[in-house]
Amino acid sequence: MSEPMQHAVSQGADAIHARAVEWLLAREDNEDWSGADQAALDAWLNEAPEHLLAYWRAKSGWKRTEVLSALRPFRPQPKPEPAHNWKRFRLAMVAASVAVIGIAGIIAANWKTERYVTYSTALGGHKTLALGDGSEIELNTDTVVRLPKGVGRQVILEKGEAFFQVRHDDSNPFIVTTNSGRVVDLGTKFVIRQHNRVVKVSLVEGRARFEGASQEGEKRSVVLDPGDVVLATADSVSLMKKPARELSNEMGWRHGMLIFRHKTLAEAADEFNRYNTEKIIVDPSVAHLEIRGTFHTADVSLFARMTEKALGLHTSTKGNDISITR
Amino acid sequence: MVETPETTRELNELHARSAGVSAHDLEAWFVSEVLPLEPALMQFLQHSWRRPADLADLRQDIYVRLYEVAKTKPPHPVKPLLFTIARNLLIDRFRRERIIPIEGVADLAEIEVASDAPTPDRSVIARDEVRRLEAALEKLPPRCREAVMLRRVEGLNRAEIALRMGISKETVGAHLRDGARLLIDLLHDRDTP
């Protein structure tokens, strides 16, 4: 260190910083960031330690603003500017023509509140609601949703599970409200399941914002990217990341299938029991055994046979109960 | 030379070892141990060097020198080494520019004490983070701030921001770049609100 090191400073620090930020944003913006893009970035990073350090520095600074988005108390969006109002009106007209097609068994209209129509599925049911704005809602077993009768895209998931494929509209957000918080679409496909006061939101494609239930007048909101899974109750919100494969397995129900990879017998039985009047009861001594396989949601008997053959267990049927024991 | 003998020895020892450090570990080390010292470093440079326009370049050169050492083995703690490197670099510059650094030397002595001031506790850092981010955001030009907020808080992409702000995607890109550039500098340089 006593000898001054040689430094060929080809570019000023500010210019390198600006370039690093450009790379960072390009990478974040580009949904199909390719191998070639990455190679170009790597080449730039390897060109000089100045580049690498500037990139690390920019990345960590930008990351800190991400924390802000997750932790920041929800603030109401700015009021729309007058210029947007006519557009909003036009969209309201489109939304007013929301038509529901291809629904075989609408069970009940909700008479309590005139503004909403209720759609539901029975145990083992599965149906798709096609909305007039191009969005689709696919209901899984034992599910209840309420849709606004006229204007608006504010859906309420009362219970169960649904896959939402939303036609995004900036000025008229699609919002799904649950017992514990709500999801605001930002151009998206997502699944919401509501069960025993716990809401689970899995983001499949695009972006959405989850807003937790308000606590002391303050809301917590998190922006979700593909693979993000939120578990929320009335007073807690947790966020985790799941691989795409796992999410797609969890959505097997959309094709009438249950796909188990590393599931315990107890978890698999819980899944089956969501779809069928026959209930599988797993003895606690074998509940932890792991199972793999793909089953039709209604095929309880195949599942029972498989536990006999593959795991050497005993099954016995009594009325609607199928017991699995050692 | 203002260099302290202990640090020189430490440096030589470091040079002697040659364990390879992965880029991933280096990045983690740089982010968690070096960047938090940046406000103190910048304060030191400001006191010692009279042309504010040179500060970012000086910082860059100091980081590169530190990085060359860290490639062999990331030093712990970083602070003494970082400030030794900073002092040496300034002395090189003084010589090169034939400045008799009377003011500079005085400041160097002063800062040596300041550089030993304890860094804030991590919990304090976490508690202040949102306030600090908000303060930094306040300093951005309004349109840049709006674009950055739409991106970071609402998670909109460039096209969506363009629609919301009623401007072209290219202009959104420019606002985002300028906003992010400033914000990142503000967050690193001025850690004390």
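## About the model

This is a predicted model, in which local features need pLDDT of at least 70 and side-chain atom pairs count only at pLDDT 80 or more, while totals for chains, interfaces and linings use all residues. Residues are numbered from 1 along each chain as its sequence is written, chains are lettered from A and ligands numbered from 1 in the order in which they are written, and side-chain values use heavy atoms, with hydrogens and water left out.

## Chain A at a glance

Chain A has 7 helices and 16 strands; helices (H or I, at least four residues) and strands (E, at least two) are DSSP runs, numbered from the N terminus. Of its 326 residues, 43% are buried, where buried means under 20% relative accessible area, exposed over 50%, and partly exposed in between (1.4 Å probe, protein chains only).

Taking contacts (heavy atoms within 4.5 Å) in chain A between residues at least 6 apart in sequence, 47% join residues at least 24 apart.

The size of an interface is often given as the accessible area lost when the parts come together. Here, chain A and chain B bury about 4,900 Å² between them, with 59% of it on carbon and sulfur atoms; buried area is the accessible area (1.4 Å probe) that two parts lose on being put together, summed over both. Chain A brings 46 residues to the contact and chain B brings 51.

Across this interface there are 6 salt bridges, each a side-chain nitrogen of Lys or Arg within 4 Å of a carboxyl oxygen of Asp or Glu. R151(B) pairs with E28(A) in a salt bridge, their closest N and O atoms being 2.0 Å apart. On the chain A side, α1 (13-29), α3 (49-71), α4 (82-96) and β8 (198-211) each supply at least two residues, and α3(A) gives the most, with 17 residues.

## A buried histidine and a charged network

H17(A) sits in helix α1 of chain A and is buried, at 4% relative accessibility. Beyond neighbours within four places in sequence, H17(A) touches R57(A) and A58(A) as well as R181(B), I184(B) and D185(B). Two of these residues, R57(A) and D185(B), belong to a network of salt bridges together with E38(B) and R59(B).

## Salt bridges within a chain

The structure holds 28 salt bridges over all chains. In one of them, E205(A) and K189(A) meet at 3.4 Å, N to O. E205(A) lies in strand β8 and K189(A) in strand β7 (residues 182-195) of chain A, so the pair ties together parts that are 16 residues apart in sequence. E205(A) is partly exposed at 42%, and K189(A) is partly exposed at 22%.

D228(A) and K241(A) also form a salt bridge, at 3.0 Å from N to O. Because D228(A) lies in strand β10 (residues 228-232) and K241(A) in strand β11 (residues 237-241) of chain A, this pair ties together parts 13 residues apart in sequence. D228(A) is buried at 7%, whereas K241(A) is exposed at 56%.
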